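Let us walk through this structure together, one residue at a time.

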Amino acid sequence: MRFIEGPLDAAYDWRGDVMSPDWDPALARRKLRSAPEALVCDALLDQDVFAGVGNIIKNEVLFRIRVHPCTRVGDLPPRKLAQLVAQARTYSFDFLEWKRRFVLRRHWQVHRRRECPECGRHLELAHLGTRQRRTFWCGHCQVRY
Ligand SMILES: [Zn+2]
C-alpha cells in the first residue's frame, strides 16, 4: 500500500493494473524482460508489474500455466511468458467472480491443497523467493525452465 496525493489518474498507472480496461500486457512483458533474474513467484507479486495480484493468484496462475515457481523470468520460453501475463489478468477476473459467489475456495487447485488435481501427487509447500510468501506447487506437473 502507498499513500497517493492529488488526482489518482495522475499518480497511478492503470496500464499496470491487471483488472483495468487500460491494462497493457505488452508493457508487462517488457517490465518482466527487464528483470530476467527474478523468480516467477516474485515477479507475479511485483505490484509495479501486476498491480492487484496477490499470493493466492500467484499460486493458481503458476499451476494453470504449469510453471515451477523457482523458474527465472529470463528462462521462460516466450510462449510461457505471454501465458503468465495473460493468466495474471484472466485469473484475477475468475477470482473476483468466484469471490462474489462465495465459491472461491472450491476453485483453488493448489493453494492450501495437499494433492495435485492433475496427477494426484502430494503438492509441495515452501516459503519461496525474496518475498518468502507461502507457495504451493506440483513438482511433477509444473516445469522448471
Ligand atoms: Zn501434478
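This is a predicted model: local features need pLDDT of at least 70, side-chain atom pairs count only at pLDDT 80 or more; totals for chains, interfaces and linings use all residues.

Is His68 buried or exposed? Its relative accessibility is 12%, and since buried means under 20%, His68 counts as buried. The side chain of His68 reaches the backbone nitrogen of Cys70 at 2.9 Å. Leaving aside residues up to four places away in sequence, His68 touches Val40, Trp137, Gln142, Val143 and Arg144.

Now step back into helix 4, which covers residues 55-64. Glu60 is found in this helix, and it is buried yet has no salt bridge. Why is there none? A salt bridge needs a side-chain nitrogen of Lys or Arg within 4 Å of a carboxyl oxygen of Asp or Glu, and the nearest side chain of opposite charge to Glu60, that of Arg64, is 6.2 Å away. The neighbours that Glu60 does touch, not counting residues up to four places away in sequence, are Tyr91, His107, Trp108, Gln109, Val110 and His111.

What does Arg64 pair with? Its salt-bridge partner is Asp94, with the closest N and O atoms 2.7 Å apart. Arg64 lies in helix 4 and Asp94 in helix 5, so the pair ties together parts that are 30 residues apart in sequence. Both ends are partly exposed: Arg64 has a relative accessibility of 27%, and Asp94 has one of 23%. For another view of Asp94, look across to Pro25: their C-alpha atoms are separated by 18 Å, and the two residues are 69 apart along the chain.

How many salt bridges does the whole structure hold? A search finds five. Among them is the one between Arg131 and Asp42, at 3.8 Å from N to O. Arg131 lies in the loop between strand 1 (124-128) and strand 2 (133-137), while Asp42 belongs to helix 3 (residues 40-43), so this pair ties together parts that are 89 residues apart in sequence. Arg131 is partly exposed at 38% relative accessibility, whereas Asp42 is buried at 8%. Arg101 and Glu97 also meet in a salt bridge, at 3.5 Å from N to O. Here Arg101 is partly exposed at 47%, and Glu97 is partly exposed at 35%.

Finish on the surface, where Met19, Phe93 and Leu96 form a nonpolar patch with about 220 Å² of accessible area together. Of these, Leu96 is located in helix 5 (residues 78-100).

Note on methods
Residues are numbered from 1 along each chain as its sequence is written. Side-chain values use heavy atoms; hydrogens and water are left out. Helices (H or I, at least four residues) and strands (E, at least two) are DSSP runs, numbered from the N terminus. Buried means under 20% relative accessible area, exposed over 50%, partly exposed in between (1.4 Å probe, protein chains only). Lys and Arg count as positive and Asp and Glu as negative; His and the chain ends are not counted. Contact means heavy atoms within 4.5 Å. Patches are made of residues with over 30% relative accessible area and no salt bridge: like charges are joined within 9 Å, nonpolar side chains (Val, Leu, Ile, Met, Phe, Trp, Tyr) within 5 Å. Accessible areas come from the Shrake-Rupley method with a 1.4 Å probe; for residues, only the protein chains shown count as cover. A polar contact is a pair of N or O atoms within 3.5 Å; within protein, one must be able to donate a hydrogen and the other to accept it, and residues adjacent in sequence count only if both atoms are side-chain atoms.
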